[in-house]
Amino acid sequence: MNEIWSQVDHYFTSKLHPEDPVMDAVLQANTDAGLPAIDVSPTQGKLLYLLAKMKGAKNILEIGTLGGYSSIWLARALPEDGRLTTLEYSPKHAETARKNIEHAGLSDKIEIVVGAALDTLPTLSKGFDFIFIDADKPNNPGYLEWALKLAQPGAVVIGDNVVRDGRIVDEGQDDSVEGTKKFFDLLSASSEIDSTAIQTVGSKGYDGFSLGIVK
Ligand code: SAM
């Protein structure tokens with residue numbers, strides 16, 4: 001199935017996305033630097049951009065930068081005085097992202113904070129209006145707790161890779177699936193956020209994302 005999913009993704013991209021040499025260069029730079037190709041797909045990146053635009057986001061938090069591909073999509077949705085803070089553990093990934101962000105002309109809008117996100121999240125101030133969680137999945141429950149602490153009322157919170165080829169419904173799984181299940185337990189128990197989750201297929205396989213609004 002992946003072949004037809006990819007073809008359809010490419011069809012949508014060719015129809016709905018203008019030529020994008022900056023994004024093409026980001027993906028090439030990531031490959032050249034030896035980063036894993038685990039960034040969001042072009043259609044998912046455009047979805048993040050559109051959601052941030054719909055929200056009118058001005059202060060975005062991203063957990064999990066990689067080479068800055070999704071950071072750049074999101075930051076493109078920001079107004080002139082908007083800011084995006086992105087958290088990344090790997091200095092090598094952060095340095096690749098820094099160069100990509102500079103090339104995209106967004107250095108004045110994006111701050112990369114290097115370190116383990118659970119260590120750097122407590123250094124941030126409350127008031128984010130859009131939060132994208134896309135780092136190591138075993139820590140997803142902790143990331144959601146911090147997202148709820150740092151969000152302003154009405155903030156959008158998105159969690160990526162929550163389906164994991166359908167393994168979310170299997171018993172006895174790896175740490176990433178266990179982390180994602182605990183993430184859903186928290187979402188389900190929390191009275192602070194109203195949420196749902198959507199399954200997706202595409203060039204990145206079978207996965208999905210959760211989407212919620214902080215009350
Ligand atoms: N959001 C990126 C995109 O779509 O372009 C992809 C992010 S990738 C799926 C996950 C990133 O989280 C990796 O770069 C990884 O180094 C980073 N990461 C892993 N553990 C982390 C941690 N404890 N704190 C912060 N970042 C972490």
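Which polar side-chain atom lies 2.8 Å from an oxygen atom of the ligand? Select H93 to find it, since a polar side-chain atom of that residue is placed there, a polar contact being a pair of N or O atoms within 3.5 Å. This is a predicted model, in which local features need pLDDT of at least 70 and side-chain atom pairs count only at pLDDT 80 or more, while totals for chains, interfaces and linings use all residues. Residues are numbered from 1 along each chain as its sequence is written, and side-chain values use heavy atoms, with hydrogens and water left out.

Select S70 next, where a polar side-chain atom lies 2.8 Å from a nitrogen atom of the ligand, and then A117, whose backbone N or O atom lies 2.9 Å from a ligand nitrogen atom.

Now show the whole shell, counting residues with a heavy atom within 4 Å of the ligand: 21 residues surround the ligand, and V40, S70, E88, H93 and D134 are the closest. By class, the shell holds 11 nonpolar, 5 polar and 5 charged residues, where Ala, Val, Leu, Ile, Met, Phe, Trp, Tyr, Cys and Pro count as nonpolar, Asp, Glu, Lys and Arg as charged, and the others, Gly among them, as polar.

Finally, colour helix 4 (69–75) and strand 2 (83–88), each of which supplies at least two residues of that shell; helices (H or I, at least four residues) and strands (E, at least two) are DSSP runs, numbered from the N terminus. Within helix 4, Y69 and W73 are separated by about one helical turn, because they are 4 residues apart.

Conventions: Polar contact = N/O pair within 3.5 Å; in protein donor to acceptor, adjacent residues only side chain to side chain.
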